[in-house]
Amino acid sequence: MIPKYVSAVLIIALSLALCIPAEAQSSSGTIGGVGTGTIVGVTVGVAAGVAVIAIVAVHYSKKRVITGCVSPGANGMTVTDEKDKQIYALSGNTTGIKPGDRMKLKGRKVKPKGPDKTLVWEAKGVTKDFGVCQP
């Protein structure tokens, strides 16, 4: 299955290619005084630019969430991600985050700073509280 943004990029590229007016072909390989190589180059350049913009927009518009059990720790709360089993120290807006509960937290990963290289999840809020963690 092709993702929606790839389909949109292909539609835009095809539309741009079809916008070029059709004229009788001359023996010199030009269309309206512009070389066909130039037209192809511009079309490919525009399509590549649109593709890059679409991919970047989709990448940055994703909502970042983590689901896991929240635990109290020596230096604050931690959350264990169910997907990759990594343990993240919680920072940011921890209002409503309850130790001992399985929660889905909205936020982002923060690159580790310092010698201990502790992974950090900067919480922006609670998306869902699933209740007490199951052992």
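First, how to read it. The model is predicted, so local features need pLDDT of at least 70, side-chain atom pairs count only at pLDDT 80 or more, and totals for chains, interfaces and linings use all residues. Residues are numbered from 1 along each chain as its sequence is written, and side-chain values use heavy atoms, with hydrogens and water left out.

Now the layout. The protein has 2 helices and 7 strands. Here helices (H or I, at least four residues) and strands (E, at least two) are DSSP runs, numbered from the N terminus. Read from that end, the order is α-β-β-α-β-β-β-β-β. Of the 135 residues, 19% are buried. Buried means under 20% relative accessible area, exposed means over 50%, and partly exposed is in between, with a 1.4 Å probe and protein chains only.

Val44 sits in helix H2, residues 36-61, and counts as exposed at 52% relative accessibility.

Next, the disulfide. The count is 1, where a disulfide is a pair of cysteine sulfur atoms within 2.5 Å. Which residues does the disulfide join? They are Cys69 and Cys133, with 2.3 Å from S to S. Cys69 lies in strand S3 (residues 65-73) and Cys133 in the segment after S7, so the link ties together parts 64 residues apart in sequence. The link is left-handed, with -135 degrees about the S-S bond. Cys69 is partly exposed at 24% relative accessible area, while Cys133 counts as buried at 18%.

On to the pocket. Rolling a probe the size of a water molecule over the atoms shows where empty space is left. On a 1 Å grid over the protein atoms alone, a pocket is an open set of points where a 1.4 Å probe fits, with protein on both sides within 12 Å along at least five of seven lines; lining residues have an atom within 4 Å of a point. The second largest pocket holds about 200 Å³ of space. That volume is the space filled by probe spheres set on the points, which are joined across faces, edges and corners. Strand S4 (76-81) and strand S5 (87-92) are the elements that each give two or more residues to its lining, and S5 gives the most, with 5. The lining includes Met77, Tyr88 and Asp116. By type, the lining residues are 5 nonpolar, 6 polar and 1 charged. Nonpolar covers Ala, Val, Leu, Ile, Met, Phe, Trp, Tyr, Cys and Pro; charged covers Asp, Glu, Lys and Arg; the others, Gly among them, are polar.

Between S4 and S5 is a loop that holds Lys85. Lys85 is not a glycine, yet has a positive phi of about 60 degrees. Lys85 is exposed, at 61% relative accessible area.

Last, the rings. Rings of Phe, Tyr and Trp (its six-membered ring) pair if their centres lie within 6.5 Å; planes under 30 degrees apart count as stacked, over 60 as edge-to-face and the rest as tilted. There is 1 aromatic pair. Tyr88 and Trp121 are edge-to-face, at 6.3 Å centre to centre and 70 degrees between the planes. Tyr88 is in strand S5 and Trp121 in strand S7 (residues 120-132), 33 residues apart. Both are buried.
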